Amino acid sequence: MGVIARLGRSIRARLALFAGIAMALLCLTTSSALLWMIYTTTVDIHTQDAVGTTLTVAHLVKESELPLLDSLDVWGVQVVDPRGQVVTATSDLAGSPRLTTAAPPPGTTDHVAHACDLPGLSDGCHITAIFRVYQQDGDWLVYAFRPRPPWYAAPGVIAFLVLSSAALVVLTWYGVSHVVAKTLAPVNRITGRLAEITAGGGGMRVPVPENADEIRALAETANRTLAQLEEAMEQQRRFASDASHDLRSPITAMRTEVEEALLTPGETDWQKVGGKLLGSLDRLQNIVTDLLTLAKLDAGAPARLGPVDLGELVTAEVARPCTKEVRVSVQPGVVVTGDRLRLARLLSNLLDNAERHAERTIAVIVRRNGVAVLEVLDDGAGIAPEHREMVFRRFTRLDASRSRDAGGTGLGLPIAREIARTHGGTLRIEDSDAGARFVLRMPVRTE
């Protein structure tokens, strides 16, 4: 329990630290966004004030009432005549030379610019609103200057954001640490129980707390995971049992043949015995080869990817001898990205399965329908919908087909589906008018 207690303290400290860092980052992001909003809003307010001032003064210029400028409640204004001379200005700029030569673009009456270090104004940058007034003697220009606010808008804003962010980080640290401390008791019990569960501890479950919803959900999830683990272990045991049975069958057959031959060595047809032994060895070799293939696929062995034309692949595979009639319908140009050898193995497994179950004919179709589609159909008895997923389990052969599927290893279809999965595709059994219809779908190769 001392280890669990130390683990609990470590978890509490780390969660509090992570929560504090997360809150600090959130505060930083939120504060930055808020500062930017305040800054842009302040800039817009100053800009609108400057523009409104230029419009007011421009009206005076139009009406030749410039002497009334001093009576207006405006500041930071210069009026420049067509000769470029400052005609009048507000009292704060009285006697100052023309501060800028900026003007609205040709054909426009107004313009807003930003200028820095203007003579006669305070240090820093200013928003400059310019309005062009068309008069008989030429174009007059009205300038209104407003200081551009700093990036933090105002000292009080940055102070408020820093203090509030620090308070939120401290509160988050304390709150998370307190909550985690209260919730760790049931977690420690669950941890202790999990530590007692071993690979051979089937049926064991963790305690489910009565009150804490989150911890109860954790315990229930852990119990569901343990149930799935038990099921996976049971499947593994069944797989090992089936594999040992399928491996033992040809070995037993070979041993029986050899023992019978040794009982009457003088009367034994050793050539016949050798033929039977070779048949059993072939089956044993096929099972071992399929097991090794599955092991490589399960381990994620790298594939040699490249362009594969499914039509060409089908044409090459159906050219081999077959006891049933094979009908091929191929749409040209259906190209996928994959390992040609593995895709050939997939198709070969589907054809072998179809050959064992077909009555007279096998159909192979390659087409393109948004994705590459490969279909293998037989005219046999078919597979009931409730058994369509079962046939993809390893070492599974349906009872109704065992007499006809004696040549199979029970691994061909699982290998085919695993190859499809590693290529980003799917392999399913779909409805058909007669027999079984295996459908492979894969992404089309894009150049």
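Before the first selection, two terms: strands (E, at least two residues) and helices (H or I, at least four) are DSSP runs numbered from the N terminus, and two strands pair if DSSP finds at least two bridges between them. You are looking at a predicted model, in which local features need pLDDT of at least 70 and side-chain atom pairs count only at pLDDT 80 or more, while totals for chains, interfaces and linings use all residues. Residues are numbered from 1 along each chain as its sequence is written, and side-chain values use heavy atoms, with hydrogens and water left out.

**Stop 1: a hairpin.** Select residues 361–368 (β9) and 372–378 (β10), which pair in the antiparallel sense over seven bridges. Three residues separate the two strands of this hairpin, and in its turn Gly370 has a positive phi of about 80 degrees. Now pick Val376 in β10: Val364 stands opposite it. Val376 also stands opposite Phe438 in β12, and β12 runs antiparallel to β10, joined to it by six bridges.

**Stop 2: the covered strand.** Which faces of β10 are covered? Both are: Ala372, Leu374, Val376 and Asp378 on one side, and Val373, Glu375 and Leu377 on the other, are all buried (under 20% relative accessible area, with exposed over 50% and partly exposed in between, using a 1.4 Å probe and protein chains only). Because seven of its seven residues are buried, β10 is largely enclosed by the rest of the structure. In a regular strand the side chains alternate between the two faces of the sheet.

Stop 3: Buried residues of α7 include Leu413, Ile415 and Ile419. Just after α7, find Gly424, with a positive phi of about 75 degrees.

Stop 4: Zoom in on Asp339, in the loop between β8 (335–338) and α6. Leaving aside neighbours within four places in sequence, Asp339 is in contact with Ala303, Arg304, Leu305 and His423. A polar atom of the Asp339 side chain lies 3.0 Å from the backbone nitrogen of Leu341.

**Stop 5: the other sheet.** Finally, select the open sheet of five strands ordered β2-β1-β5-β4-β3, with antiparallel pairing. Here β2 (86–89) and β3 (110–116) stand at the edges, each with a single partner strand, so one side of each is left without a neighbour in the sheet. Within it, ten bridges join β4 (residues 125–135) to β5 (residues 138–147), which run antiparallel. To end, pick Tyr134, whose bridge partner in β5 is Asp139.

Terms used: Polar contact = N/O pair within 3.5 Å; in protein donor to acceptor, adjacent residues only side chain to side chain. Contact = heavy atoms within 4.5 Å.
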